[in-house]
Structures are given as structure tokens and as C-alpha cells.
Amino acid sequence: MKVTRAVQPLLPLCQRLLPGRLAGLSVALLKATALELAILAGHLLLYPSGVTQERRSPAAPLPAPRDGTAQLPTETRPPVVLLHGFIDNRSVFVLLRRNLAQHGHRPIESLNYSPLTCDIRVAAELLGRHIEEICERTGSSQVDVVGHSLGGLIARYYVQRLGGDLRVRTLVTLGTPHSGTRVVPLADAHPIVRQMRPGSAVLEELSRPAPGCRTHFVSFWSDLDHLMDPLETACIDHPDLLAQNVQVSGIGHLALPVHPAVATGIRQALDATRTGATADADTGGLTVA
């Protein structure tokens, strides 16, 4: 995934001042940073619109055939649940939600957990109750979940530790610190940040055996994600999990739930599970170009 035409006037200067490979990396970093700032500005404008929980609408019944003949069963897609990251809300998924809806993924719902949440376990229990309510309301036995950053870690805890693999068919994570991130040490004052540090009790629980886990995991990680330290912490590395790690090149953390190429990759991941295709676990990931 290459971001073009951003910071273009700086390209000749970088090429003169830096060696070839380093210049290429620096230019890519400048482009990704410029895109992150643009996305941040747009998200700040949209943030107030996502503060409240979205309204839940009852599932619409299938229309009856006009000629009175029996309707043949059709292949249905499970609901998609979107789960935001730390100090964020459902507004981060405006573009992804539209993309999924345009390609037939329905219903699509978001969950806002409180910014005052101080424990991943508590948020995972809330997610479980939310998913049970969706399944009861829609008549679906399973859902797909897409979690950005901390949202992916909350969903994974629900799947592995709270029996959520019975309900979650596919879990897609975007820039999630599966092995813990060391970025911004001063943020350790917040308890949920401490739970995202390497060696935390929550991450130790997630490293325990999970035999028979039925959920298919797809983790998107970026080579320019400024919140993942080390970068590979956004990959899932667990011997008992069916996991595929997808490398995304050229964008940062905030762009993962926004960029159309990532949205295409998410749709492909969900459709692959729907059609019964399986991905090779821990193959080093794929590159989304």
C-alpha cells in the first residue's frame, strides 16, 4: 500500500541529503506522517458524532415472494461488530462501515465502551453481552468483529478467555498490540495502558494455551505504525490460534481503519472465512499493495 503525491516537494531534498534506501524510508515516513495528521484532523471533527451509542434497529425480515412460492435459502453473512481503540469512539469507522455496507456486509454495528474503562477484562465482558444481544436480535448464531488497536485486544480477550470463540467467527485486528507495546512510557499512569505493556497480567493470560479455539484471526499490522513498539507486536503469535498476519506498507496507525486498501483486505478476510477458505497460520503475513 503506497501513499503517493503527499509531501512531494520534499522528495528531491531528501534524495540529495540521504542515502538511497534511507531517503526512501524517510520519504515514506514523511508521507505516512502527513496522512496521519490529515486523518487526525478529520477524526477530531467527526468525534462528537460518535460519542453516544448508536441506535439499535430490529432486524428486517426477508421479503416474501410475490407469487407465493417458497423462497429458497440464501447464503447469509453474519453481523459485523466494530470496536474502537483507546480514548476513541465509533466515529473512527465511518468510512470502513460505508465500505462494508456497499459490499453487502450487513448488519453492521458499533460498540462504544466508556473512555473511563480501566480494565480490558471488564470491556471484554461488555462486548460479550453486546454480541449476545446482537445474535438474539438478528437471529444469527455468530458475528464477525473488527477491532482497531485496543479494540482488537478486548475482542481477543473475549474470544480466548470468555468463551467468545463460540460467537465470533472471524476477528480482524488493526494495529493491535498483541504482545504489548512500549511506546509512550509516561502513559503508564492509566491502568489500561499498563495492561497493554509487554508482560502484563492480561497479555500473560492471552499467551496461555487455547486448544480448540474456533475463531479465525486476521491481524493487519503496519511497518510505519508509530504506536507499536516493536512493530511486530501487532502480529499474532500463538500456536493454538488459526491466525494470518497481514503486513501493510506505507501508512500509520490512524490510517488502518480508514484506508480503502485496508478495507478491501478486511472484506477479503471476511469473505474468505464465509466461503470456507483457510489461510496459512503464521506465514509471515501478506503485503497489501
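Modeller: A residue is buried at under 20% relative accessible area, exposed at over 50%, and partly exposed in between (1.4 Å probe, protein chains only). The model before us is predicted: local features need pLDDT of at least 70 and side-chain atom pairs pLDDT 80 or more, while totals for chains, interfaces and linings use all residues. Residues are numbered from 1 along each chain as its sequence is written, and side-chain values use heavy atoms, without hydrogens or water.

Biologist: Which residues of H5 are buried?

Modeller: Helices (DSSP runs of H or I, at least four residues) and strands (E, at least two) are numbered from the N terminus. In H5, the buried residues are Leu150, Gly151, Gly152, Leu153, Ile154, Ala155, Arg156, Tyr157, Tyr158, Val159 and Gln160. That is 11 of the 12 residues of H5, a mostly covered helix.

Biologist: How many Å does H5 reach from its first C-alpha to its last?

Modeller: The expected span is 1.5 Å times one less than the number of residues. H5 reaches 16 Å, close to the 16 Å expected. Just after H5, Gly163 adopts a positive phi of about 75°.

Biologist: Which residues touch the most other members of the largest nonpolar core?

Modeller: Such a core is a set of buried Ala, Val, Leu, Ile, Met, Phe, Trp, Tyr and Cys residues joined through side-chain atoms within 4.5 Å. Among the 34 residues of the largest one, they are Ile120, Leu127, Ile131 and Ile154. E1, H4 (120-138), E3 (143-148), H5 (150-161), E4 (168-174), H6 (191-194) and H7 (201-206) each give this core at least two residues. A second, separate core has 23 residues, including Val218, Phe220, Val248 and Leu256.

Biologist: Where is His84 found, and is His84 buried or exposed?

Modeller: His84 lies in the loop between E1 (80-83) and H3 (94-102). With a relative accessible area of 1%, His84 is buried. Beyond four places in sequence, the residues that His84 touches include Tyr113, His148, Leu150 and Gly151. A polar contact is a pair of N or O atoms within 3.5 Å; within protein, one must be able to donate a hydrogen and the other to accept it, and sequence-adjacent residues count only if both atoms are side-chain atoms. The His84 side chain reaches the backbone oxygen of Asp88 at 3.3 Å.

Biologist: How much of the protein is buried?

Modeller: Of its 289 residues, 47% are buried. The protein has 8 helices and 7 strands.

Terms used:
Contact means heavy atoms within 4.5 Å.
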